[in-house]
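The sequence and the structure come before the text.

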Amino acid sequence: MRQAQEARSWEDVAILGRKTLFWYAPKEIVCPTHGLVQEKIPWAAPYARITYRLEFRICALCQIMTQKAAAAILKMAPSTLSNCLHRVITRVRMGIRSGAW
């Protein structure tokens, strides 16, 4: 087991109007079967750059208002919010189809 070479960052819900980032260098192992495998991050989906909490906030706001209004509240570009929303929806739908839920 080894520590990853570079720390990754994940954006979280803003606190008191200030952007919150998590920085962490995940541990890695070299598996003879699967190659380089990285540990599971409990606060975010694989390859995501935002936390589950921010994903939930995006989904909750987009249910009650337009994406443009939600983006303004979260201080995100509307295109970024839209991309995040579509990734979450796709991941959830794939999980339902595969029986993971």
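The lining of the largest pocket divides into 7 nonpolar, 1 polar and 3 charged residues. In this division Ala, Val, Leu, Ile, Met, Phe, Trp, Tyr, Cys and Pro count as nonpolar, Asp, Glu, Lys and Arg as charged, and the others, Gly among them, as polar. The residues concerned are R8, W10, Q38, E39, K40, I41, A44, A45, P46, Y47 and Y52. The volume of this largest pocket is about 260 Å³.

The model is predicted: local features need pLDDT of at least 70, side-chain atom pairs count only at pLDDT 80 or more, and totals for chains, interfaces and linings use all residues. Residues are numbered from 1 along each chain as its sequence is written, and side-chain values use heavy atoms, with hydrogens and water left out.

Rolling a probe the size of a water molecule over the atoms shows where empty space is left. Here a pocket is an open set of points on a 1 Å grid over the protein atoms alone, where a 1.4 Å probe fits, with protein on both sides within 12 Å along at least five of seven lines; lining residues have an atom within 4 Å of a point. Grid points are joined across faces, edges and corners, and a volume is the space filled by probe spheres set on the points.

The second largest pocket has a volume of about 190 Å³. Its lining is made up of E11, D12, V13, A14, G17, R18, K19, L54, R57, I73, L74 and K75. Two or more of these residues come from each of β2 (8-15), β3 (18-24), α1 (52-64) and α2 (67-74). The largest share, 4 residues, is given by β2. By class, the lining of the second largest pocket holds 5 nonpolar, 1 polar and 6 charged residues.

As for the chain as a whole, it has 3 helices and 5 strands, in the order β-β-β-β-β-α-α-α from the N terminus. Helices (H or I, at least four residues) and strands (E, at least two) are DSSP runs, numbered from the N terminus. The C-alpha trace spans about 50 × 35 × 20 Å along its principal axes. Of the 101 residues, 31% are buried; buried means under 20% relative accessible area, exposed over 50%, and partly exposed in between (1.4 Å probe, protein chains only). The accessible surface comes to about 7500 Å², and 60% of that belongs to carbon and sulfur atoms. These areas come from the Shrake-Rupley method with a 1.4 Å probe; for residues, only the protein chains shown count as cover. Among contacts between residues at least 6 apart in sequence, 35% join residues at least 24 apart, where contact means heavy atoms within 4.5 Å.

Next come the aromatic rings. Rings of Phe, Tyr and Trp (its six-membered ring) pair if their centres lie within 6.5 Å; planes under 30 degrees apart count as stacked, over 60 as edge-to-face and the rest as tilted. The count comes to 3 aromatic pairs. The F22 and W43 rings are edge-to-face, because their planes stand at 70° with the centres 5.8 Å apart. F22 is in strand β3 and W43 in the loop between β5 and α1, so this pair ties together parts that are 21 residues apart in sequence. The rings of Y24 and W43 are also 5.8 Å apart at their centres, and with planes at 75° this pair is edge-to-face. Y24 in strand β3 and W43 in the loop between β5 and α1 are 19 residues apart, and the pair links distant parts of the chain. Ring pairs link W10, F22, Y24 and W43 into a cluster.

| Residue | Relative accessibility | Class |
|---|---|---|
| F22 | 29% | partly exposed |
| W43 | 26% | partly exposed |
| Y24 | 24% | partly exposed |
| R49 | 48% | partly exposed |
| T51 | 2% | buried |
| K40 | 68% | exposed |

T51 lies in the loop between β5 and α1. Leaving out residues up to four places away in sequence, T51 touches W10, E11, D12, F22, W43 and A44.

R49 is placed in the loop between β5 (35-38) and α1. With residues up to four places away not counted, R49 touches R8, S9, W10 and E11. R49 and T33 are 16 residues apart in sequence, and their C-alpha atoms are 27 Å apart in space.

K40 also has its place in the loop between β5 and α1. The C-alpha atoms of K40 and Q67 are separated by 30 Å, at 27 residues apart along the chain.
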